[in-house]
Amino acid sequence: MISMNVACKVQVQPERIEFVDALRGFALFGLLMVHAAEAFGVGLSRGTDDPWGQAIFFLFGSKAFAIFALLFGFSFATIMANQRARGVDFTGRFAWRLFLLLAIGFVHSLLYSPEILRLLAFLGLLLIPLDRVRSNYALMVIAGLFFLQIPLLIQWLLAHLGNAFAASEPYYTSSGLWDVFRNGSLGELISANLIEGNLVKWSINWSFGRVSEIAGLFAVGVVIQRTGFFANLAKNRGIALALVLIAGTIFAILEFIVKPMVPGSPSGAEFAIGPFTERAILFQWIGISGIAAQIGLLALLWNSPVQWLVGLFKGPGRMTLTLYVAHSVIAVPILYQFGLGMAEVWNTQQRVLFAIAFFGLQILFAHWWYARYRYGMLEWTWRAATLNDWKVPLRKHPQPT
């Protein structure tokens, strides 16, 4: 494997790594499964304690979004390296690209406030100074500091010292947003998502340490791109097997041995910040070890006779922005009360099976689309707006004028 610091000097090859597309598509599928289990937010008000919900959260909870964050850092480093090889400083243009993603996420959040685009776009600004760190070892130290969850530990210490605000129950637990999801009209939903939805979104991501975790995953994603780790992983079964065994062992220890030993935090007047913080940090490490094992397993399958199975995710992985937004555009009117209200009719199994069928249609659509076009619909719009060039070719074979 290329050493971490020497790899910084290697010219990045512009060829697309299809295995990364498959990983991104797999993460998109995982997000859809989690959202289906939660009935796209409606289920948050009553939990998903049935076996189907438990299985979905075991496989994808705290994991699908983490793969997205990791690949967000990877994609950023790929863009910057390719532009740097051409002698272009893409920093300002990338900041504009993040602003555009933030705008897309804001519009999307008016329909579905738990969406992740705003969070990735806002925290993505951290990637710009991280790109200035040329030592991969230093980047890994920075990632480790983020994974320590220092902000949560400071909050825990302040609560222990008697600070009432630090010791208080997270904001999202007392929000009425879930009732709007369940009973509100479309106008009430948009109005609630405009302000309350953003407050709840940041409360959840701060309370569970996802802000620091995403920042750490960004840094790791940059290092993975610089070292060519995914390209090597996609070709080397030994690396993939080692990743599965090591990460899988750590995941099993944390999930089945450590997790039952960490008490849950009660809610309401008996809320305790200590156990809550402990579980938040534990879930982070369960998620990180879990995605490492999943990535290794997918790499093993990629190097096997069933590569086609992992390859099914490649098409959706190339148009995740379009398909991710399509998830809520289709599902929210079906599940929410202002539409068909099926969240109160379908159980978790039915919602998950519907989501699997829906994703199957998206696989077929992506295959059809990329036989004709270079980019997904939102991907093309985002790219053209980033470059301020609306003549970016969309069709693979433009019709003669």
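The radius of gyration is taken over C-alpha atoms, and the globule rule is 2.2 Å times the number of residues to the power 0.38. For the 401 residues of the protein this rule gives a radius near 21 Å for a compact globule, and the protein has 21 Å, which agrees. The model is predicted: local features need pLDDT of at least 70, side-chain atom pairs count only at pLDDT 80 or more, and totals for chains, interfaces and linings use all residues. Residues are numbered from 1 along each chain as its sequence is written, and side-chain values use heavy atoms, with hydrogens and water left out.

The protein contains 20 helices and zero strands; helices (H or I, at least four residues) and strands (E, at least two) are DSSP runs numbered from the N terminus. The C-alpha trace spans about 65 × 50 × 45 Å along its principal axes. Of the contacts (heavy atoms within 4.5 Å) with a separation of 6 or more, 77% are between residues 24 or more positions apart.

Of the 401 residues, 49% count as buried, where buried means under 20% relative accessible area, exposed over 50%, and partly exposed in between (1.4 Å probe, protein chains only). The protein exposes about 18,800 Å², of which carbon and sulfur atoms supply 68%; accessible areas come from the Shrake-Rupley method with a 1.4 Å probe, and for residues only the protein chains shown count as cover. There are 29 positive and 20 negative side chains, and the centres of the two sets lie 14 Å apart. Lys and Arg count as positive and Asp and Glu as negative, whereas His and the chain ends are not counted; each charge is placed at NZ of Lys, CZ of Arg, CG of Asp or CD of Glu.

Helix 3 is largely enclosed by the rest of the structure, because 17 of its 22 residues are buried.

Ala39 lies in the loop between helix 1 (18-37) and helix 2 (51-60) and is buried, with a relative accessible area of 0%. Ser62 is placed in the loop between helix 2 and helix 3 and, at 25% relative accessibility, counts as partly exposed.
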